[in-house]
Amino acid sequence: MTPADRYRQVAAGFTDRVRNVAEPDWAKPAPPDGWTARDVVGHLTEWFPAFLASGTGITLPQGPPVTEDPLANWTTVSDGVQQLLDDPATTDRFLDHPVAGRHSLPQAVQNFFTADVFMHTWDLARATGQDETLDEDFAAELLAGMESLDEVLRASGQYGPKVEVPEDADVQTKLIAFIGRQP
């Protein structure tokens, strides 16, 4: 699956969750600790545009503030990411980041943003009582890649301590536990 197709799939799942949040539920607590459902959306629409701009000079479109309209906030940024991935001219572009290194733009989006959107889909669903089911194949792919980077990921401060789960737990449970969430 191409990075554009993978993003389309993952973003659609997150967008469905965002669309189905009732207004009062935006204030509900969400993983990680100290966040609300609204914070999950705000995190995705704030960090990645800044990361992308710093490593490529590309500026993504910004919608209304997440405090006013979480759906429009999300879909504006997400549609901009999809347009970027669908544009044949960006295939040969690179992201050069002082910490993350050099990656082709499509691979950088998949490795950093698509993966984050995927995992935060679970957070938003958990916070708002929606379907928490994630794509099993992509969950397995992410988990396999992340396990080999365990020490680096923990040192980044972006992941909590692993939560212990039974060895025979399904791959989604293992992924969610690996990133420090209570499945």
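1. A nonpolar core is taken here as a set of buried Ala, Val, Leu, Ile, Met, Phe, Trp, Tyr and Cys residues joined through side-chain atoms within 4.5 Å. The model is a predicted one, and its largest nonpolar core has 48 residues, of which Phe14, Trp74, Val81, Phe113, Phe118 and Leu175 touch the most other members.

2. Two or more residues of this core come from each of helix 1 (3-19), helix 2, helix 3, helix 4 (105-128), helix 5 (136-147) and helix 7 (171-178), and helix 4 provides the largest share, with 11 residues.

3. Leu175 deserves a separate entry: leaving aside residues up to four places away in sequence, Leu175 touches Phe118, Met119, Ala139, Leu142, Leu143 and Met146.

4. Helix 2 (residues 37-56) packs with helix 3 (residues 70-86) at an angle of about 35 degrees, the two axes being 10 Å apart, and the crossing of this pair is left-handed. On the side of helix 2 the contact is made by Arg38, Val41, Leu44, Thr45, Phe48, Pro49 and Leu52, while helix 3 contributes Pro70, Asn73, Trp74, Val77, Val81 and Leu84. By class, the residues of this contact comprise 10 nonpolar, two polar and one charged.

5. Pro32 is found in the loop between strand 1 (29-30) and strand 2 (35-36).

Technical notes
Residues numbered from 1 in each chain as written. Predicted model: local features only at pLDDT ≥ 70, side-chain atom pairs only at ≥ 80, totals over all residues. Heavy atoms only, no water. Axes fitted to C-alpha atoms, helices over the stretch in contact; angles between N-to-C directions. Helix = DSSP H or I, 4+ residues; strand = E, 2+ residues; numbered from the N terminus. Left-handed = near helix turned anticlockwise from the far one by under 90°. Contact = heavy atoms within 4.5 Å. Nonpolar A, V, L, I, M, F, W, Y, C, P; charged D, E, K, R; others polar. Buried < 20%, exposed > 50% of the residue type's maximum accessible area, 1.4 Å probe, protein only.
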